[in-house]
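Please read the following points alongside the structure.

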Amino acid sequence: MSRPVSDRKEWTGFQESRPYGAKYDLRSDFVMVYGISDDLEERIAGWKERGYIIHLMTGVSWGEYQDYLYGEYDGRDHWDEAQTNRAGDHLLHGKDVPYMVPTISFSEYLAAGIKRAIDSGAVAIHLEEPEFWVAGGYSEAFKREWRIFYQEPWIPPHESPDAQYRASKLKAYLYYRTLDRLCAQMKEYAEVHYGRAIRFYVPTHSLINYTQWRIVSPEALLVNMPACDGFIAQVWTGTSRTRNVYKGIREERTFETAFLEYGVMQELVRGTGRDMWFLHDPIEDNPNYTWSDYKVNYEDTVVASLLHPYVNNYEICPWPRRVFEVAYPKEDGKGKEMIPPDYATELLTVMHVLRDMHRHEEITSDEQTDGIGLLLANSAMFQRGDIELQADEGDFRYDGTISSLILPSEHHEEMLNWSAFYGLALPLVKHGIPLRPVQLDNLLHFPGYLDDYRVLLLSYEFMKPEHAGLHQVLSQWIREGGCLIYVGDGSDPYHSVKEWWNQGAKAYERPDDHLFEAIGMGRRPEDGEYRVGQGGVIVHRVHPARLAETEDGANWVRESVKRALVMRGDEEPLREKHYLQIRRGPYVATRVMTESLTDEVVTVHGSYIDLFDARLAIVSNPVVEPGKGSLLYDLEAAPDLTSAVIISSSRIRDEEPAINRKFQFVSEAPEGVTVSTRLRLTEEPRLVTADGLEVVDRSWEHGSQTLLIRYPGVPEGTLVTVIFQMG
């Protein structure tokens, strides 16, 4: 398969709120200068002087907006616009930093700051994290918005499933309105005042994470917003280590969760023409872990992202200063330590490898069963309110964990784990099946969106279809050869919300009743397998959360996919493995599962450079253990009979062919980081210098005809000279 290559050279970037700093100058293509503080213009100028393409990023739901809150901006106090829970408490991101109800007034305030960035030359604007907490909906501003939108008195969201559902739909709409208004207004401003086009992006957590953490965001709505040019998938250790349940065991499964999170973000934009950057974070927001913990989870997210071939742009780090200039707990718990030098070198290697991904269009995967999807809709976020929680029972924290104030409730376990989704997803990922979460909302907008899928899993026990036309698309897909697996017992109280399926003369008790009637199966088929046209339907009348509780539940999911493939007449059976693997040009990414078919290691046959090794070790037939991932460079892809840089933890420029027995290039890296560079050379050199000083830390590997050299990083660039014969 192949992917389009962007004409713009903005393949990798990072966000930073601090002024330029040499120790966290990652030498990527662009920098997202963060925040619209008083020193915005100076910060933009500092990064621009170092050759960066300038973007602006600022929070659209929270930020250092105290001048707005306290009336300095327009003379009116705006604390009534802070998101507020049932107890009357403001929902805060930090001191004097509330999550905001996105009013028209607030969007005008943000517009004033964004204009300053455009005036200073920013070519793109990122309005990050449009987030409205499910626990919110009680502020005076939200009550006003409810009355305007629904033309009726405000109803407390906790009073009924319908009130909660409608409140969440309004929350998503309000952030859509704000983003649509800002993007269109600012694009016009740039055209009128400067005669140039600017781009607008929305950095956002995945639909999976927002649903589990009980946050509402526009997500799929933004794909149809004309002025939105794309997204950053904010997936990292902090989102992906959120615990879930598989075969009755609740624990962190960072790789599997990240794989699903990146997957739904890829599917959000697939076929839409929108841009997408995948984010990685070498640490996370929680500062209480050790460097070894950050490292293993970072590697898991990198490998998980690379397994999705339709995205090849990356945000390589949020807040690099906190990675390279902040200390974190030591392994023994006694004090703190700065980043280990080897981890710093590894990070830079991976970051520059990610920048190279756009050049490799050919993608091949190890034998696997493709075309299996799990439908997921925006409405999953709308029914995460537990209407039985009392006012004094607390809320979820930002990281999705339950506050210690919450008392036991039969609903809390499902609210925390979101097992209805993971009960369908994890059994397949754990057995090496590259399941894709498919954005249900996109079916009506993009013809052929389901063409790549053979089997789809669906349940309306944790989400609802927002339009009847979705069922016509699914029905046609089935009749043309697709197989749908529907799981649900009709017990979800949100089936009763006042929506299209239960309104009008021909009302349906549940949305799946309409689905099955549209397919031609009657309103309520029993458990079983049904032939429909060239495809089929499998119905299982159980709540999907139950499938997460036992090994039998996980086995049923896999067996149902096997039966679906047989119903389609596919000759090849379901290929179950205990690993996932992909080759992107010369790069091979592998992840071996735990809780899978076997505990055996996986051998990657051939000769490679280990990209998770600070010294870029040459490895032959490397093995990957269960619970581990690897990222390798295939030495067979390295250039022959010439001198060239193969891999470096620096940005390489001005690479010159070997002339007069001498080979040169310039290497750019953050100050203080040890650079590792591996070269393919025609022969062992006599001398290597970095800015005229001999490189002592070097080693020649005869079998691969490669040389490893290590030297200090310099953002301005180090001139490296390789001399083959002394004069």
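1. Axes are lines fitted to C-alpha atoms, for helices over the stretch in contact, and angles run from 0 to 180 degrees between N-to-C directions. The model under review is predicted. In it, helix α1 (residues 40-49) and helix α3 (residues 104-119) have axes that come within 10 Å and cross at roughly 35 degrees. This crossing of α1 and α3 is right-handed.

2. Which residues make the contact? From α1 they are L40, E41 and I44, and from α3 they are G113, R116 and A117. Sorted by class, the contact of α1 with α3 has 3 nonpolar, 1 polar and 2 charged residues.

3. Helix α3 contains 16 residues and reaches 23 Å from its first C-alpha to its last, close to the 22 Å expected at 1.5 Å a residue. After α3 comes G121, with a positive phi near 105 degrees.

4. The buried residues of α3 are F106, S107, Y109, L110, A111, G113, I114, A117 and I118. They pack against α1 and also against β3 (53-59), α2 (66-69), β6 (124-128), α5 (161-194) and β8 (199-204).

5. In soluble globular proteins, nonpolar side chains tend to be buried together. Here the largest nonpolar core has 207 residues, and I125, L376, F421, L457 and M463 have the most contacts inside it. Helix α5 gives the largest share of this core, 13 residues.

6. Leaving aside residues up to four places away in sequence, I125 touches L56, I114, A117, I118, I198, R199, F200 and Y201. A second, separate core has 16 residues, among them V645, F665, L681 and Y711.

Note on methods: Residues are numbered from 1 along each chain as its sequence is written. This is a predicted model: local features need pLDDT of at least 70, side-chain atom pairs count only at pLDDT 80 or more; totals for chains, interfaces and linings use all residues. Side-chain values use heavy atoms; hydrogens and water are left out. Helices (H or I, at least four residues) and strands (E, at least two) are DSSP runs, numbered from the N terminus. A crossing is left-handed if the near helix is turned anticlockwise from the far one by less than a right angle, and right-handed if clockwise. Contact means heavy atoms within 4.5 Å. Ala, Val, Leu, Ile, Met, Phe, Trp, Tyr, Cys and Pro count as nonpolar, Asp, Glu, Lys and Arg as charged, and the others, Gly among them, as polar. The expected span of a helix is 1.5 Å times one less than its number of residues. Buried means under 20% relative accessible area, exposed over 50%, partly exposed in between (1.4 Å probe, protein chains only). A nonpolar core is a set of buried Ala, Val, Leu, Ile, Met, Phe, Trp, Tyr and Cys residues joined through side-chain atoms within 4.5 Å.
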